[in-house]
Amino acid sequence: MIEGLRQTFMDSSIIFFEMPADTSLIVVVCALVKTFAEAKGMKKEDSRRLELAVDEIATNAVMYGCGGDSAKRYRGEVETREGRVIVRIYERGPGFVLPPEQPTALPASIQDISIGGRGILLARKMTDEIRYENNPGGENCFTIIKRIVP
């Protein structure tokens, strides 16, 4: 099945998806993005990094944007343009302010480190650019960009 998708993706510059807000289905979105990126010439090592970033951002969309409610849906698109793979993930949650690029200093003790809050930092490390558009009353959008390096 993946090989058939890869062939289809070679002929497409953009694909769209819509999914229930169910964390168990994020793996499907990740496989879709990874397969598309590799069909467009991205190295496996780089596509794996992109896949990891998409996993983190899609998890945020499901858990925070959709409140973990599997009756809600989120959508996205994956495209290639100017030697880059661009992934957009849309959700209709309350939105938030994207944390600064530079993380704050870690606490001195491991017991003082909170659970969560590191997914965006990890996604930034794995990609070339992460953007977030907060559109109150509309769709919020995460944009993930990774260059295709031959």
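**Helix packing, core and aromatic cluster in a predicted model**

Asp46 is found in helix α3, where helices (H or I, at least four residues) and strands (E, at least two) are DSSP runs numbered from the N terminus. The structure is a predicted model, in which local features need pLDDT of at least 70 and side-chain atom pairs count only at pLDDT 80 or more, while totals for chains, interfaces and linings use all residues. Residues are numbered from 1 along each chain as its sequence is written, and side-chain values use heavy atoms, with hydrogens and water left out. With a relative accessible area of 11%, Asp46 is buried; here buried means under 20% relative accessible area, exposed over 50%, and partly exposed in between (1.4 Å probe, protein chains only). Once its neighbours within four places in sequence are set aside, Asp46 is in contact with Lys146 and Val149, contact meaning heavy atoms within 4.5 Å.

The chain has 4 helices and 5 strands, and along the sequence they follow the pattern α-β-α-α-β-β-α-β-β. Of its 150 residues, 41% count as buried. Among contacts between residues at least 6 apart in sequence, 67% join residues at least 24 apart.

Helix α3 (residues 44–65) also has a partner in helix α2 (residues 26–39): the two axes come within 9 Å and cross at roughly 150 degrees. These axes are lines fitted to C-alpha atoms, for helices over the stretch in contact, and the angles run from 0 to 180 degrees between N-to-C directions. The crossing of α2 and α3 is right-handed; a crossing is right-handed if the near helix is turned clockwise from the far one by less than a right angle, and left-handed if anticlockwise. On the α2 side, the residues that meet α3 are Ile26, Val29, Cys30, Ala31, Val33, Lys34, Ala37 and Glu38. Their counterparts in α3 are Lys44, Ser47, Arg48, Leu50, Glu51, Val54, Asp55, Ala58, Thr59 and Val62. By class, the residues of this contact divide into 10 nonpolar, 2 polar and 6 charged (Ala, Val, Leu, Ile, Met, Phe, Trp, Tyr, Cys and Pro count as nonpolar, Asp, Glu, Lys and Arg as charged, and the others, Gly among them, as polar).

Two residues of this contact show what its surroundings look like. Cys30, found in helix α2, counts as buried at 3% relative accessibility. Beyond its neighbours within four places in sequence, Cys30 is in contact with Glu51, Val54 and Asp55. The C-alpha atoms of Cys30 and Ala58 are separated by 8.7 Å, although the two residues are 28 apart along the chain. Arg48, by contrast, lies in helix α3 and is partly exposed, with a relative accessible area of 45%. From C-alpha to C-alpha, Arg48 and Ala31 are 9.7 Å apart in space and 17 residues apart in sequence.

The largest nonpolar core has 33 residues, of which Leu50, Val54, Tyr74, Val87, Ile89 and Ile144 touch the most other members. Such a core is a set of buried Ala, Val, Leu, Ile, Met, Phe, Trp, Tyr and Cys residues joined through side-chain atoms within 4.5 Å. At least two residues of this core come from each of β1 (14–20), α2, α3, β2 (73–81), β3 (84–91), α4 (119–126), β4 (129–133) and β5 (140–147). Apart from neighbours within four places in sequence, Leu50 is in contact with Val33, Ala37, Met42, Val85, Val87, Met126, Thr127, Ile144 and Lys146.

Aromatic rings form 4 pairs in the structure. Rings of Phe, Tyr and Trp (its six-membered ring) pair if their centres lie within 6.5 Å; planes under 30 degrees apart count as stacked, over 60 as edge-to-face and the rest as tilted. The Phe96 and Tyr132 rings have centres 4.4 Å apart and planes at 40 degrees, so this pair is tilted. Phe96 lies in the loop between β3 and α4 and Tyr132 in strand β4, so the pair ties together parts that are 36 residues apart in sequence. Phe96 counts as partly exposed at 31% relative accessibility, whereas Tyr132 counts as buried at 13%. The rings of Tyr132 and Phe142 are also tilted, with centres 4.7 Å apart and planes at 55 degrees. Both Tyr132 and Phe142 are buried. Phe96, Tyr132 and Phe142 form one aromatic cluster.
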